[in-house]
Amino acid sequence: MSLQPDEKRYDTMRCRRCGRSGLLLPAVSLGLWQGFGGGDDIPGMKRMLFRAFDLGITHFDLANGYGSPPPGAAEANLGKVLESDLAAYRDELVISTKAGYGMWPGPYGDWGSRKYLLASLDQSLRRLKVDYVDIYYHHRPDPETPPEETAGALASAVKQGKALYVGISSYNPRETAVMAKILREMGTPCLIHQASYSMLKRRIEKDLLAVLEEEGMGCIAFSPLSQGLLTDRYLHGIPADSRAANPSGTLDKSRITEDVMERVRALQALAEKRGQTTAQTAIAWMLRLPVMTSVLVGASKVRQLEENAAAAQNLDFSAEELADIERLFPSD
Ligand code: NDP
């Protein structure tokens with residue numbers, strides 16, 4: 001299977017500006033956390049990546065450990081596809097990776113030291129077989145390492161030409177403001193914050209988003225469908241091929257409660273009236289916020305990706321719809 005890109009690939013996906021930067025991201029981006037690992041098949045990955053590209057989903061998100069076991073498998077697999085099919089389109093792609101969680105044994109394979117972050121980026125570039133990533137993230141705050149050191153490592157990555165932009169993930173509002181200030185003073189503005197956000201997890205609305213607006217940073221939401229809960233996937237039980245059915249998976253069955261499913265059923269009815277699916281309304285609702293540059297979905301099937309990509313076609317919500325959603329999924 002080889003890539004035959006669709007000439008109309010930029011006709012439908014909306015692009016949104018990332019904070020006060022020059023970078024535009026597709027409203028819907030694709031995460032390679034799951035389904036791109038050691039045990040997954042390359043033809044299946046190609047189908048997903050090629051379809052994403054044709055849908056205008058030009059942003060692929062990774063981290064050093066994705067695809068484990070072995071850690072790094074997702075980067076290595078994307079590297080194979082980049083080499084075989086996507087190399088000619090490198091300048092049309094935004095590839096991000098991260099470091100911040102345990103990656104290799106010993107004291108230098110975790111958290112936020114300069115030693116770890118720069119070594120990990122070199123490893124990622126080797127696996128991905130690229131000269132640079134577009135965005136390099138610190139994956140989580142490190143309570144022990146001075147933020148100046150972590151920020152300095154990110155700024156060095158840019159100065160060395162190994163990353164074009166830098167970002168942070170899962171930092172709280174105070175930590176975000178500190179990091180943004182240090183990076184700005186170093187001449188490497190913090191582009192983006194990757195945060196957990198969905199109808200079921202609204203905490204960032206309280207104060208993080210205001211910090212991002214103030215700092216001119218964009219936001220990209222991870223697990224926007226709450227790993228599948230905010231779709232029709234679990235309305236009639238737990239399908240055998242679902243994330244929740246995987247005993248070593250990351251979605252605990254205990255989260256599929258009757259209360260949540262009842263609210264998702266009501267969301268499904270609201271979505272139908274809008275001419276959307278449940279997943280599409282969950283995604284579109286997040287994009288109602290101008291600071292939400294992109295919504296970072298996962299998908300185990302091409303048709304899920306197609307459905308999710310189309311969410312950006314209707315981002316308008318009536319006051320009544322917003323009030324209904326507020327009642328169903330109140331702020332944390
Ligand atoms: P989602 O919330 O989008 O969950 C994806 C899962 O939901 C899919 O695997 C699929 O489940 C189900 N799904 C997706 N679309 C549909 C649909 N239209 N209909 C029915 N079911 C659907 O996101 P993820 O949790 O996968 O996270 C997305 C990305 O966010 C990751 O790949 C990663 O890049 C990033 N991330 C970052 C983190 C961080 O710390 N910075 C942490 C976690 C994620 P099924 O497999 O059952 O079909």
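I take helices (H or I, at least four residues) and strands (E, at least two) as DSSP runs, numbered from the N terminus. I count a residue as near a molecule or strand if its C-beta atom, placed from the backbone, lies within 6 Å of it.

**Entry 1: the model.** I note that this is a predicted model, in which local features need pLDDT of at least 70, side-chain atom pairs count only at pLDDT 80 or more, and totals for chains, interfaces and linings use all residues. I number residues from 1 along each chain as its sequence is written.

**Entry 2: the ligand shell.** I looked up which residues surround the ligand. There are 29 of them, and the closest are Gly31, Trp33, Phe222, Gly228 and Gly298. Helix α9 gives the largest share of this shell, 3 residues. Both β10 (292-297) and α9 (302-309) supply at least two shell residues each. I then sorted the shell by class and found 9 nonpolar, 16 polar and 4 charged residues. In this sorting, Ala, Val, Leu, Ile, Met, Phe, Trp, Tyr, Cys and Pro count as nonpolar, Asp, Glu, Lys and Arg as charged, and the others, Gly among them, as polar.

**Entry 3: the whole chain.** I recorded 10 helices and 10 strands in the protein chain. Its radius of gyration is 19 Å, close to the 20 Å that the globule rule gives for 332 residues, so the chain is as compact as a globular protein of that length. The radius is taken over C-alpha atoms, and the rule is 2.2 Å times the number of residues to the power 0.38. The C-alpha trace spans about 50 × 45 × 40 Å along its principal axes. I found that 45% of the 332 residues count as buried. Buried here requires 20 or more other C-beta atoms within 10 Å of the residue's own, exposed means 12 or fewer, and partly exposed lies in between, with C-beta atoms placed from the backbone. I also looked at contacts between residues at least 6 apart in sequence, of which 76% join residues at least 24 apart. A contact means that two C-beta atoms, placed from the backbone, lie within 7 Å.

**Entry 4: the barrel.** I traced a closed barrel of 8 strands, β3-β4-β5-β6-β7-β8-β9-β10, with parallel pairing. The twist averages 30° from one strand to the next. Strands pair if DSSP finds at least two bridges between them. Strand β9 (residues 218-222) pairs with β10 in the parallel sense over 4 bridges. Phe222, one of the residues closest to the ligand, has Leu296 of β10 as its bridge partner. Helix α3 (residues 114-128) lies across β5 (94-99), β6 (133-138) and β7 (163-169), and runs at about 140° to β5. Axes are lines fitted to C-alpha atoms, for helices over the stretch in contact, and angles run from 0 to 180 degrees between N-to-C directions.

**Entry 5: backbone exceptions.** Most residues other than glycine have a negative phi, and most peptide bonds are trans. I therefore listed the exceptions. A cis peptide bond joins Ser68 and Pro69, with omega about -5°, and another cis bond joins Pro69 and Pro70, with omega about -10°. Pro69 lies in the loop between β4 (59-61) and α2 (73-86), and Pro70 is found in the loop between β4 and α2. Ser170 has a positive phi, near 60°, in the loop between β7 and α5 (173-185). Ser170 is partly exposed, with 17 other C-beta atoms within 10 Å. Ser226 has a positive phi of about 50° and lies in the loop between β9 and α7 (258-274). Ser226 is partly exposed, with 19 other C-beta atoms within 10 Å.
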